Amino acid sequence: VEVCTGAVSRLAKGCDVPLGQLLGAPLGSVFTVDSIRKSLTRVRQLPSEEEEFPNGELDPRNNSELLDLNASQKLSTRDIQKLRDSGESAAQIVEQLVSSSATFDQKTALSQQKYVQRKRKKYCPRVFMTTPSPAKLCELHYSNHSQKVLGLRSDSLSQLLAYANIHSDVRVMVVDTISGLLAACCLSGWHGGHGTGLSRSFGAPGF
């Protein structure tokens, strides 16, 4: 997706978010995605979850008597939809879900942390701006569209490049069946130097 004014991308489930706010932001910036209001908010400092849920002390609670019956949450799907329609932000809905859980206070600190993380991931995930690289692209497509890279993981890709001894001033012939990713890795393996490459790709190039 090309980041430009008017461009949108699905950054959360069922949520198309405008990408114009990313323009001009430096690499390393972090944004929270409000899946309710369909907007991005840049955060200067991420909240420390370790501070919210200290684990240095012995927790006397345990989860042995808790049953996962989906009956502990007082808010129904209709109630959550009403909160959305009323204009509540994603962070406020997460707070409502926590306060409406009948078993949240009975959970251990680690279980509480995991519960909050799941709700944040669902309603207000985070976006990190970073420099794209073949390894990150491989991880991205392996997670979302593994068939596009034929199920190739980033560690397997690095082994393949190591065995091929890709470096500066090398002559390479590449037969690529993963949308041009392997050829892009060979180019990046020159590290700003020079080299000669001949690539034959099968399928539509995507990189």
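Tutor: Setting aside neighbours within four places in sequence, Thr103 is in contact with Leu66 and Ser72. The model is predicted.

Student: What makes these "contacts"?

Tutor: The cut-off is heavy atoms within 4.5 Å. Thr103 meets that with Leu66 and with Ser72.

Student: Where is Thr103 placed?

Tutor: Thr103 sits in the loop between α3 and α4.

Student: How do you know whether Thr103 counts as buried or exposed?

Tutor: Look at its relative accessibility, which is 17%. Buried means under 20%. So Thr103 counts as buried.

Student: How much of the chain is buried?

Tutor: Buried residues make up 31% of the 207 residues.

Student: Which elements does the chain have?

Tutor: Seven helices and seven strands. From the N terminus on, they run β-β-β-β-α-α-α-α-β-α-α-β-α-β.

Student: Take α4. What span is expected for this helix, and what does α4 reach?

Tutor: Helix α4 covers residues 109–123, which is 15 residues. The expected span is 1.5 Å times one less than the number of residues. For α4 that comes to 21 Å, and the helix reaches 21 Å from its first C-alpha to its last. The span is close to the expected one.

Student: Which residues of α4 are buried?

Tutor: Ala109, Gln112, Gln113, Tyr115, Val116 and Tyr123.

Student: Why say that the buried residues of α4 line one face?

Tutor: Look down the axis of α4. The buried residues fall within an arc of 160 degrees, so they line one face of the helix.

Student: What does the face of α4 turned away from the buried side carry?

Tutor: That face carries Arg118, Lys121 and Lys122, which are exposed. Exposed means over 50% relative accessible area.

Student: How do α3 and α4 cross?

Tutor: Helix α3 covers residues 90–99. Its axis and that of α4 come within 10 Å, and they cross at roughly 145 degrees. The crossing is right-handed.

Student: Which residues of α3 and α4 meet?

Tutor: From α3 come Ala90, Ile93, Val94, Leu97 and Val98. From α4 come Tyr115, Val116, Lys119, Arg120 and Tyr123.

Student: Which residues of α5 are buried?

Tutor: Helix α5 covers residues 134–144, and its buried residues are Pro134, Cys138 and His141.

Student: What makes them one face of α5?

Tutor: Their arc, seen down the axis, is 75 degrees, so the buried residues line one face of α5. They pack against α6 (154–164) and α7 (181–188). The face turned away carries the exposed residues Ser143 and Asn144.

Student: What sets Leu150 apart in its phi?

Tutor: Its phi is positive, about 55 degrees, although Leu150 is not a glycine. Leu150 lies in the loop between α5 and α6.

Student: Why is Leu150 put in its accessibility class?

Tutor: Its relative accessible area is 59%.

Student: Why is Asn165 called "partly exposed"?

Tutor: Its relative accessibility is 48%.

Student: What class does His167 get?

Tutor: His167 lies in the loop between α6 and β6. At 34% relative accessibility, His167 counts as partly exposed.

Student: How far apart are His167 and Ser188?

Tutor: They are 21 residues apart in sequence and 9.1 Å apart in space, C-alpha to C-alpha.

Student: How far apart are Leu27 and Thr130?

Tutor: In sequence, 103 residues; in space, 5.4 Å from C-alpha to C-alpha. Leu27 is in the loop between β2 (15–18) and β3 (30–34). Not counting residues up to four places away in sequence, Leu27 touches Met129, Thr130 and Thr131.

Notes. Residues are numbered from 1 along each chain as its sequence is written. This is a predicted model: local features need pLDDT of at least 70, side-chain atom pairs count only at pLDDT 80 or more; totals for chains, interfaces and linings use all residues. Side-chain values use heavy atoms; hydrogens and water are left out. Helices (H or I, at least four residues) and strands (E, at least two) are DSSP runs, numbered from the N terminus. Buried means under 20% relative accessible area, exposed over 50%, partly exposed in between (1.4 Å probe, protein chains only). The arc is that of the directions from the helix axis to the C-beta atoms. Axes are lines fitted to C-alpha atoms, for helices over the stretch in contact, and angles run from 0 to 180 degrees between N-to-C directions. A crossing is left-handed if the near helix is turned anticlockwise from the far one by less than a right angle, and right-handed if clockwise.
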